[in-house]
Amino acid sequence: MADAGQVLTASALVLWGGVTALLGLTLGAASVRVRLALWLTMPGWVAWQEWSQLEALSVVPLYALLVLLLLASLLEGLAWWRGAAKRPRWLLALVALPLWAVPPFEAWVVAFDAEDHRRDRWTDAFDGLHEILEQRYAFGAHKAIDWDGLRERFRPQVAEAESTGDEEALYLALRRYVFSLPDGHVSIRSPRHEALWEEAAGAGFGFALLALDDGAVVTHLLEDDGPAARAGMQWGAEVLTWNGQPVRAALQAVSTVWTSRPIATQENRALVQQQLLTRAPAGTRLEITFQNRDGPSPQTVTLTARSGGLDTYWASVHADVRAPVEAPVTHEVLRPGVGYVRVDSLEHSASGQSPPEALDQALEDLVAQGVRGLILDVRGNRGGMDQLVPQMMGHFTTQELYYEGVTVFSPLLGRFTQLISLRVEPRPPVFSGPLVVLVDHRTKSSGEGFALLAKSIPSARVMGLHATDGSFGMAEATVHMPAGITVGFPWGQSVDGDGAVQVEGDHALHGGVQPDVRVPLTWERARAMYLDGRDVVLDAAVVSLRDSDKPLR
C-alpha cells in the first residue's frame with residue numbers, strides 16, 4: 001500500500017497550505033510572499049499524486065524559490081529589528097519563520113517509525129506494546145479484536161518468561177500474541193526465530209498436501225528419497241487419515257503461528273494449514289493412511305520426520321509455475337489477438353523505469369501488434385507504491401473511478417481520520433477491449449488494488465484459483481521490544497467511498513478480492529501444474545479471450 005512518507009508528505013502539504021494562508025491574512029503586506037509560498041506548495045501535492053522520481057525532482061526548483069522568499073522575509077525582519085525598517089508586522093513573519101523548519105505533519109499525524117521499549121522490563125514493554133496496538137492498530141474495530149482478552153491471556157506468559165529471564169519464552173509468548181491479529185501486514189521478528197522455527201517445523205515427511213475442490217486431499221509434491229516415497233506413497237495419492245483422524249480434521253487443527261505472518265482470511269488460512277501439516281520437529285512419528293490412484297486398497301504406514309525437505313516446503317508455500325523475471329513489468333503476445341502483461345511489483349526497475357511508464361510502453365507495443373484482448377497478471381504481486389495502481393488502471397477505463405480513501409491515526413485527534421482520496425483518471429493509451437486480471441492468494445496489499453478496480457470496469461474480469469490475500473493496510477510502524485524483538489503493524493486504512501474498510505479481512509476472516517471466475521482445482525489441473533509445469537490459470541484466461549470481440553465467458 002501507500003508508503004508512510006508519501007501519505008505524510010501529502011498531509012503536510014495540505015495542512016501547511018492552510019497554515020500559510022492563515023499567516024497571509026495576518027501579515028498584511030507580507031501576505032504577498034506568504035500567499036506565493038502557498039501556491040508553491042501545490043506542485044508538491046501534484047507530485048505526490050503522480051509520484052515518480054522525475055516528477056518529484058521537478059518540484060525542487062519551486063521549493064528552492066520558496067526558501068529564497070523566506071530568507072528575504074528573514075532579512076527584512078532583521079532590518080526592522082535594527083530600526084532600518086518600519087513594519088512591525090514583519091515581527092510576526094520572523095516569529096513564524098522557524099515553523100517552516102518543523103515538518104507540519106508532526107502536529108497532525110505522527111510517523112510512528114519506532115516506539116522503543118528495549119530497555120523496559122518485559123511486562124512493562126508488553127503493556128506499552130499492547131497500549132500502542134489497542135490505540136493505533138488500523139483494524140482493531142474491523143476485526144473485532146478483544147484487547148482485554150488478549151492482555152489477560154498473554155501478559156502472564158510474558159511475566160513468567162520475565163521471572164526466569166527466558167528470552168525464547170518471551171519471543172514465543174509475543175509471537176502467539178501478535179498472531180492473534182489476523183493481518184498480513186502485522187509482523188514479529190527475533191534473532192532467535194530461525195532456530196525456533198527449525199526446532200518446531202524444520203523437519204518433514206517428504207511430501208506436501210493440496211486440498212482439491214472435490215474435498216480430496218492429495219500429495220502434490222513428493223520427494224523421491226523421502227520417508228513417504230520409501231513407504232510406497234506415489235504422486236497424487238489421496239491422504240485419508242492423519243494419526244487416526246480424518247485428514248480434513250487434522251488440517252483444521254493446525255496452528256499457523258509458524259508461518260511468516262498472520263493470516264487475514266479463512267481461505268488463506270486453509271492453504272497455510274495444508275503447508276504446515278506436513279512440518280514437524282525432527283523425529284516426530286506419523287501414522288498415515290493413503291490411497292495411491294492405481295493402488296488396490298488404502299495403505300497405513302508410519303513415517304518419521306527427518307530434518308530438511310525445505311525445498312518441498314517452500315515450493316508449496318510459493319507455488320509458481322511461471323518463469324522468474326527481473327523487470328517489475330513484462331509483456332508479450334501469447335497468441336494472435338491476445339496480449340499478456342505481468343506486473344510483479346510496484347517498484348521501479350533497475351534502470352529507473354516506473355511501473356506506469358513500463359505499462360505505457362507495453363500497451364503501445366501490444367496494441368500496435370493487433371491485440372484485442374489482454375491478460376493482466378498480478379499473481380504474487382506483494383504491493384509497493386499504492387498510488388501507482390490507479391495510474392496504471394487508468395488505461396482500462398474511459399471514466400473516473402474511485403479507488404480509496406487513505407485514513408490514518410491522528411494522535412492530535414485521538415482517532416482515525418481520512419487524509420486524502422485516490423481516484424482513477426483515464427490515461428492514454430486507453431485499452432477498451434476485454435481484460436482478464438489474474439490473481440492468487442499471494443496477491444497482497446497494493447497488488448490487490450488491480451483486482452479491486454477491475455471489479456468496477458465492465459470489460460474486466462478477475463480470475464484465479466484463489467482470492468487475494470486480504471491484507472490492504474498501509475503505513476507500517478515498528479515497536480522495538482526487549483531481546484532484539486521487533487513488532488510491526490499498519491496504522492493506515494483503505495476505505496471506500498462510504499468510508500468503510502475495503503478488501504481487508506474482517507473478524508470472520510472474510511476478505512480479499514474474490515475472483516469473478518474461479519478456475520476449478522481438480523486432480524488433473526494439479527497434475528498439469530506440479531508435474532507438467534503448465535500454467536492452468538493462464539490457459540483458462542487465454543480460452544476466455546479466444547474471441548476477444550465477444551463478451552468474456
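Reader: How many cavities of 30 Å³ or more are there, and what makes something a cavity here?

Author: The count comes to three cavities of 30 Å³ or more. A cavity is a set of points, on a 1 Å grid over the protein atoms alone, where a 1.4 Å probe fits but cannot get out. Do keep in mind that this is a predicted model, in which local features need pLDDT of at least 70, side-chain atom pairs count only at pLDDT 80 or more, and totals for chains, interfaces and linings use all residues. Residues are numbered from 1 along each chain as its sequence is written, and side-chain values use heavy atoms, with hydrogens and water left out.

Reader: What is the volume of the second largest cavity, and which helix gives the most to its lining?

Author: The volume is about 50 Å³, taken as the space filled by probe spheres set on the points, which are joined across faces, edges and corners. Lining residues have an atom within 4 Å of a point; among them are Phe-205, Glu-223, Arg-279 and Tyr-313. Helix H13 (residues 310–317) gives the most, with three residues. Helices are DSSP runs of H or I with at least four residues, strands runs of E with at least two, numbered from the N terminus.

Reader: Why is helix H16 called largely enclosed?

Author: Buried means under 20% relative accessible area, exposed over 50%, and partly exposed in between, with a 1.4 Å probe and protein chains only. Eight of the eight residues of H16 (residues 447–454) are buried, so the helix is largely enclosed by the rest of the structure. Glu-448 and Phe-450 are among the buried residues.

Reader: What makes S13 and S14 a pair?

Author: Two strands pair if DSSP finds at least two bridges between them. Five bridges join S13 (residues 338–343) to S14 (residues 373–377), which run parallel, and Gly-339 stands opposite Leu-374 in S14.

How values were computed. 1 Å grid on protein atoms, 1.4 Å probe; cavity = no way out; pocket = protein on both sides within 12 Å on 5 of 7 lines; lining within 4 Å.
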